[in-house]
Amino acid sequence: MAMIFPRWFAATKKNLTVDQYVGGRIRHFRESKGVSIAVVAEKISLSSKQLAFAELGRRRLSASQLFAIARHLDVSVAAFFDRREGTL
């Protein structure tokens, strides 16, 4: 069964999966706030390696983990999916 992506997803610069796109957005916001991967990982009870894999799109994050990351980085969960907020 093929995955169905939102219309905006096809217009991204690279041919990324949703997991890769969201992971890249997390990294973008984390780095723009000057927060280390270890600090964010600890806040959501993951290892740094697990969060690094999520940022690369090699590991999926649950909705509650996305919510916790967004809260810690002071962004909305929607910011991880919205290509109008920031760049990637």
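View 1. The model shown is predicted. Along the sequence, the elements follow the pattern α-α-α-α. Of the 88 residues in the protein, 32% are buried. The accessible surface is about 5,900 Å², and carbon and sulfur atoms hold 54% of that area. Among contacts with a separation of 6 or more, 60% join residues 24 or more positions apart.

**View 2. The largest nonpolar core contains 17 residues.** Ile26, Leu51, Leu61, Ile69, Val75 and Phe80 have the most contacts inside this core. At least two core residues come from each of α1 (18–32), α2 (37–43), α3 (48–55) and α4 (63–73). The most are given by α4, which supplies four. In soluble globular proteins, nonpolar side chains tend to be buried together.

**View 3. Leu51 is shown with its contacts from elsewhere in the sequence.** Neighbours within four places in sequence are left aside here. The residues that Leu51 then touches are Ile37, Val40, Ala41, Ile44 and Ile69. Leu51 and Ile69 are also both among the core residues with the most contacts inside the core.

**View 4. Helices α1 and α4 cross at roughly 20°.** Their axes come within 10 Å. Because angles under 35 degrees count as roughly parallel, α1 is roughly parallel to α4. The crossing of α1 past α4 is left-handed. On the α1 side, the contact is made by Val22, Ile26, Phe29 and Arg30. On the α4 side, Leu66, Ile69 and Leu73 take part.

Technical notes: Residues numbered from 1 in each chain as written. Predicted model: local features only at pLDDT ≥ 70, side-chain atom pairs only at ≥ 80, totals over all residues. Heavy atoms only, no water. Core = buried A, V, L, I, M, F, W, Y, C linked by side-chain atoms within 4.5 Å. Buried < 20%, exposed > 50% of the residue type's maximum accessible area, 1.4 Å probe, protein only. Contact = heavy atoms within 4.5 Å. Areas by Shrake-Rupley, 256 points an atom, 1.4 Å probe, with all protein chains shown as cover. Axes fitted to C-alpha atoms, helices over the stretch in contact; angles between N-to-C directions. Parallel < 35°, antiparallel > 145°, perpendicular 65-115°, else oblique. Left-handed = near helix turned anticlockwise from the far one by under 90°.
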